[in-house]
Amino acid sequence: MSDAPQPGPSGSAPEKDKGKEKLQDLPATREEQFDKLLRLPDEPYPPGRPHRRRNQPKPIKHFSQSSGAISNTSTTPLSGGSQDGPNDEDDKAYDGSNEDNEDGDYEGYEGYEGYEGYEGYEDFVNYANHDIDQESLTTSEYLNRVNERLEQLLLNNPKEYSHRTEMAEQQQPQQLVFVDGSFAELAQEMADYLHVGEDVKPFLEKDQKDEALKKIIIASAALNSIPEKEFTAAYNLLVYLVLQSDNAEMFLPRVCDNLTKPITSSPVNGPGLALNALTTIFNMLPADNELRYNVFMAILKFVKLNGMFDNLKKYLPRLEQWFKEWETDEEDQRKLYVEVAEVASDAGDEDSSYEHILKALRILDEKEVKSEDAQKLAVRALRIALMSPTHNDFQDLLAVPAVQALSDSHTAYFELLTIFAEKDLEDYNDFRDEHEGFVEKENLDGEKLHRKMRLLTFASLAASISSREIPYDSIAKALQIPLEEVEMWAIDVIRAGLVEGKLSQQKKVFLVHRTTYRVFGEKQWRELGDRIDGWKTVLTNVIANLRREQANAEAQKKRETEEIERRLANANIGGASGSGGGSGSGSGRRGGGGDRGDRNERAPRKERTDDDD
């Protein structure tokens, strides 16, 4: 038995262990949201959870979820309590005490190892350990404040944050499910919860795990009617027990089948709870366990029944990697791809359905491409491509051997495919005349096909015009439309992404900027080669002109420099001569002027008197 008490189905716990329960069974708060993003495999504790350094309660066992998980699913022991939020026990003020620690001192917050190199980390630690008034806060309030501060720390270190996020995405974190108790104890608890405890007890006493599990699994259908808040915890424990068996493949199908049935205790949230339980089963299995294939098929069945394809779609790109890990043979791969296509089609996602049908067709070997199933699948892919408003490139279909085999088994379909891949509206009209009633018989939308053929014809016309100017008359003739409708169809073909250009109402022409080649064969390669040669000639002439102008500019600059130097030299010579002659004459003048100045020096003025009159 473990030192930590095991909570029962009612979620109750002995009074003396309320402190530990409060720390271990936290409600879903922001620290769990950060846990999904920030946790790395080598971190001993999930970010956002404080822990004590001494007398840390240890679980008896832990069960790891493998990498490549569909979703990060929180798991708790079988109890009824902490799914919907904090209870009365959680609302008590967190006083930092620890029943296992006689001193009762809380030695600090250390749940964020690995952030030491971040700028501001020390301030964050001081805030978490000292600045917050822990005496007046509940555990949830304390953790929320700490995580708000952590969020700011991450935003202030964008490079480190980005690097850590990339690592978290590349290295799927190992999720741990902590289980408190031996298999016999947990199995007996589950059996008691399902009211089959007396039937299971003899098998557990004889250590007959599988026999005990049989009784539990048969009774497990009752879990679909238990209270909503107990559902996830109950199924998590059930899955854990099943995976302890050496014959898990014998029990898992029954568990998955139960989860695909309605959750009567929660009509609103039941589908989400069941999908969560199914993904938990998938995640708990080792990455290379082939049972994951069967669980994923069960998830697909559930998603199809409940219209939840969007919840699964983002994980579909991982299928090829998963097939390698599971060592899935080609037949099973094809079955899963077809099932995905069915689910996507029911959800209205024709693009995803078409993509996975093509993947199923491409893994067929030469002996299978002409089989009835392969031909039906090929026709289905062709119909989706023809009716899709966004699919205008049919070369991918023509390259598939199973589709090529339609030329023998479904000649009309293959001829129609060839027309949409390479030909124009006139050929399509000839096909309609030759195979009168075929479109209606096969439940194809003739109006949609006719519209798509006109758009493709417009694209072919734009690609074939070397002048890049298409007169309105040519467009009207090719599309077999009135002249006044040309501009409307030009707008439509631009919206479809087949052509880029603009209308010239004055010239009555469509100016082509870019077009999509429906077929890129030998003729198109020659045209491309001619254009490249033309561009090469133009660039050669431009380079020659630039070099010539550069040489002329350098020569002109040299001439101007020489002219400036010549003028400066002449100015210096003239200035020196003028300066010498002026000095001599100036001295002579100053000398003569000095004598005259002595002779002409004025005498002091005599004041006037009356005698002067």
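User: Is asparagine 157 buried or exposed?
Analyst: In this predicted model, asparagine 157 counts as buried, because its relative accessibility is 3%, under the 20% limit for that class.

User: Where is asparagine 157 found?
Analyst: Asparagine 157 sits in the loop between α4 (139–155) and α5 (158–170).

User: And which residues does asparagine 157 touch, leaving out those up to four places away in sequence?
Analyst: With those left out, asparagine 157 touches Tyr118 and Glu119. Tyrosine 118 is 39 residues apart from asparagine 157 in sequence, yet the C-alpha atoms of the two are 6.5 Å apart in space.

User: Let us step back. How many helices and strands does the chain have?
Analyst: The secondary structure comes to 27 helices and five strands. The chain has 613 residues, and buried residues make up 41% of them.

User: What share of the contacts join residues at least 24 apart?
Analyst: Taking contacts between residues at least 6 apart in sequence, 69% join residues at least 24 apart.

User: Now the largest nonpolar core. Which residues touch the most other members?
Analyst: That core has 126 residues, and Phe296, Leu361 and Leu397 touch the most other members. Helix α9 (residues 228–243) contributes the largest share, 10 residues. A second, separate core of 10 residues includes Tyr118, Ala128, Tyr142 and Leu153. Tyr118 of that second core is also a residue that asparagine 157 touches.

User: Which residues does leucine 361 touch?
Analyst: Not counting residues up to four places away in sequence, leucine 361 touches Ala374, Leu377, Ala378, Ala381, Val400, Ala402 and Val403. Among these, Ala374, Leu377, Ala378 and Ala381 are buried residues of α17.

User: Which other residues of α17 are buried?
Analyst: The buried residues of α17 also include Gln375, Val379, Leu382, Ile384, Ala385 and Leu386.

User: What about histidine 391, where is its place?
Analyst: Histidine 391 is in the loop between α17 and α18 (395–398). Histidine 391 counts as buried because its relative accessibility is 15%. Its side chain reaches the backbone oxygen of aspartate 393 at 2.7 Å. Leaving out residues up to four places away in sequence, histidine 391 touches Tyr354, Ala385, Asp396 and Lys452. Of these, Ala385 is one of the buried residues of α17.

User: Turning to the open sheet, in what order do the three strands stand?
Analyst: The order is β3-β5-β4, with antiparallel pairing. Strands β3 (469–471) and β4 (499–504) are at the edges, each with a single partner strand, so one side of each is left without a neighbour in the sheet. On average, neighbouring strands are turned by 30° against each other, direction ignored.

User: How many bridges join the strands β3 and β5?
Analyst: Three bridges join β3 to β5 (residues 509–515). Proline 471 stands opposite valine 509 in β5. Six bridges join β4 to β5, and leucine 503 stands opposite phenylalanine 510 in β5.

User: Which helix packs on the sheet at about 85° to β5?
Analyst: That is α24 (residues 446–464), which touches β3, β4 and β5. Helix α25 (residues 472–479) also packs on the sheet and touches β3, β4 and β5, with its direction at about 70° to that of β3.

User: What is the phi of lysine 508?
Analyst: Lysine 508 has a phi near 60°, a positive value in a residue other than glycine. Most residues other than glycine have a negative phi. Lysine 508 belongs to the hairpin of β4 and β5, which has four residues between the strands. Lysine 508 counts as partly exposed because its relative accessibility is 46%.

User: And the phi of arginine 468?
Analyst: The phi of arginine 468 is near 65°, again positive in a residue other than glycine. Arginine 468 lies in the loop between α24 and β3 and is partly exposed, with a relative accessible area of 22%.

Notes. Residues are numbered from 1 along each chain as its sequence is written. This is a predicted model: local features need pLDDT of at least 70, side-chain atom pairs count only at pLDDT 80 or more; totals for chains, interfaces and linings use all residues. Side-chain values use heavy atoms; hydrogens and water are left out. Buried means under 20% relative accessible area, exposed over 50%, partly exposed in between (1.4 Å probe, protein chains only). Helices (H or I, at least four residues) and strands (E, at least two) are DSSP runs, numbered from the N terminus. A nonpolar core is a set of buried Ala, Val, Leu, Ile, Met, Phe, Trp, Tyr and Cys residues joined through side-chain atoms within 4.5 Å. Contact means heavy atoms within 4.5 Å. A polar contact is a pair of N or O atoms within 3.5 Å; within protein, one must be able to donate a hydrogen and the other to accept it, and residues adjacent in sequence count only if both atoms are side-chain atoms. Two strands pair if DSSP finds at least two bridges between them. Axes are lines fitted to C-alpha atoms, for helices over the stretch in contact, and angles run from 0 to 180 degrees between N-to-C directions.
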